[in-house]
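Hi,

Here is the structure I promised to pass on to you. Have a look at it first, and then read on for what turned up.

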Amino acid sequence: MPDYPDQLTTQELQTLDGAHHIHPFTDSAGIKAHGARIISRAEGVYLWDSDGNKLLDGMAGLWCVNLGYGRKELVDAAAQQMLQLPYYNTFFQTTHPPAIMLAKRLGELAPGDLNRVFFSGSGSEANDTNLRMVRHYWSCLGKPEKHVVISRKNAYHGSTVAAASLGGMAFMHAQGGLPIPGITHIEQPYWYGEGGDLSAAEFGLARARLLEDEIDRIGDDKVAAFIAEPVQGAGGVVIPPATYWPEIQRICDEHEILLIVDEVITGYGRTANWFASQTFNICPDIMTTAKGLSSGYLPIGASLVCDKVADVLEEKGGEFAHGYTYSGHPVACAVALESLHILEKEKIIENLQKDIAPYLAEKWQTLADHPLIGEARICGMMAAIELTPDKVARAPFAGERGQAGLICRDICFANGLVMRSVGDTMVISPPLVITKPQIDELIELAFKSLDMTEQKLAQDGLLKSTV
Ligand code: PXG
């Protein structure tokens, strides 16, 4: 076993971390000053930090540990595969049983005719694949100029150059000269924040029709695809109005634009269906998945591709000059197969539909009664609450955006609950195996943390609104 420094104190570990480790989406100076939070073990829906504090993980890691921590079957699947064949590639006319069986299984589980799979190591890589694949597809059909991909502001599609360009996070584009050419962004369907006087239904239609405007502006003959998350995750669990997706589908169909549905967060049970495309009745040409595919136990991504696209690539595409060393990594595939098997065997998605998701929804909605909450919304097992200093006007805070959210997040942590802040929106995405008593605990901790947040905001003079 590697020499893990159990004997080091939290402070010693933090000092080493600050000296040598550059963290993702983290201010390095800040982390050096106060030290990173060190998580050292986990079981079920709980984490323990290096000081022994227990936390309820309301985020399933980073939206991914769908089966919860400590699943021995996944460990056994990995160990067995490591002994059998720890690595082999899937390049140059080669393959291996775990990749074959996972590809077959995904074809069975995915909606519609998403029968083919391109494997990658992450969601970001899968979206890089998708960008190249859709452009190559149109080239194969003699339309290389059909290359523009339309996405949305505040979308998150990953951190590689292509995926971050596809994403619509302005603060990400500000670093490193993004987006790359050939990608444009329309407004998101965020009714609470941007709906103005429109009803949710009107707003959903209006925002979907921006896609048609954008296609008209660029030209049908230039647009390859539209990419979107069914529910934006990192953007703050933005659940589109019911009118949104049917209209998007109509527009993509009528204008012959491929639809890439990014289900990296929403796939594999998160919305209480296998895929959110089923929840929203979407028919994707390509679906991006990762995270919950292996329940986060090992890195793996998968682009699920419909027959129409895969057939053209097969017949006219020649060699797809694209691939990752770890495309279809045998150990990751074996763990993903086992994770899918557990979801099925334990009827976890059926149980969510019948029991757990409605229970969480009912309890989550009670948070809307708190004076600090402007809206509580939920889709299956992902949910958000909007912090506001003025519940009636649903106004934003007068101070810097995200300040209240960070205060709330830190108070949640101190109270033993991991809830993530996105600006002043608090979000959860707990393991799908969370029980009713654990949901009660989550809601209790959330109420307690909101009370304390309200007090702290009042003390600091931050309970002021913009109206
Ligand atoms: N698409 C979506 C919809 C995602 O949520 C990715 C692609 C990229 O996947 P990888 O595996 O390359 O990270 C994601 C990832 C957050 C947060 O702050 C969200 C993600 C990753 C990191 C942080 O909520 N989602």
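Helices here are DSSP runs of H or I with at least four residues, strands are runs of E with at least two, and both are numbered from the N terminus. Axes are lines fitted to C-alpha atoms, for helices over the stretch in contact, and angles run from 0 to 180 degrees between N-to-C directions. Also, this is a predicted model, where local features need pLDDT of at least 70 and side-chain atom pairs count only at pLDDT 80 or more, while totals for chains, interfaces and linings use all residues. Residues are numbered from 1 along each chain as its sequence is written, and side-chain values use heavy atoms, with hydrogens and water left out.

First up, helix packing. Helix 15 (residues 348-366) and helix 17 (residues 436-459) have axes that come within 10 Å and cross at roughly 15°. That makes helix 15 roughly parallel to helix 17 (angles under 35 degrees count as roughly parallel, over 145 as roughly antiparallel, 65 to 115 as roughly perpendicular and the rest as oblique). Their crossing is right-handed, the name used when the near helix is turned clockwise from the far one by less than a right angle; anticlockwise is left-handed. The contact of helix 15 with helix 17 has eight nonpolar, one polar and four charged residues. For these classes, Ala, Val, Leu, Ile, Met, Phe, Trp, Tyr, Cys and Pro are nonpolar, Asp, Glu, Lys and Arg are charged, and the others, Gly among them, are polar.

Helix 14 (residues 330-345) is worth a look too. Its axis and that of helix 5 come within 8 Å and cross at roughly 35°, and this crossing is left-handed. Residues that meet here include Leu102 and Leu106 in helix 5 and Ala334 and Leu337 in helix 14. The classes for this contact are 12 nonpolar, no polar and two charged.

Helix 4 (residues 72-84) also packs on helix 14, at an angle of about 150° and with the axes 8 Å apart. Helix 4 and helix 14 are therefore roughly antiparallel, and their crossing is right-handed.

Now for the spaces. On a 1 Å grid over the protein atoms alone, a cavity is a set of points where a 1.4 Å probe fits but cannot get out, a pocket is an open set with protein on both sides within 12 Å along at least five of seven lines, and lining residues have an atom within 4 Å of a point. Points are joined across faces, edges and corners, and a volume is the space filled by probe spheres set on them.

The second largest pocket holds about 1000 Å³. It is lined by 28 residues, and Thr90, Val117, Phe118, Phe320 and His322 are the closest to its centre. Strand 4 gives the largest share of that lining, four residues.

There is one cavity of 30 Å³ or more. The largest cavity has a volume of about 40 Å³, and its lining includes Phe397, Asp424 and Leu462.

Two backbone details to finish. Leu178 and Pro179 are joined by a cis peptide bond, with omega about 0°. Glu256, which is not a glycine, has a positive phi near 50°, and sits in the loop between helix 11 (244-254) and strand 8 (258-262).

Enjoy exploring!

How values were computed. Contact = heavy atoms within 4.5 Å.
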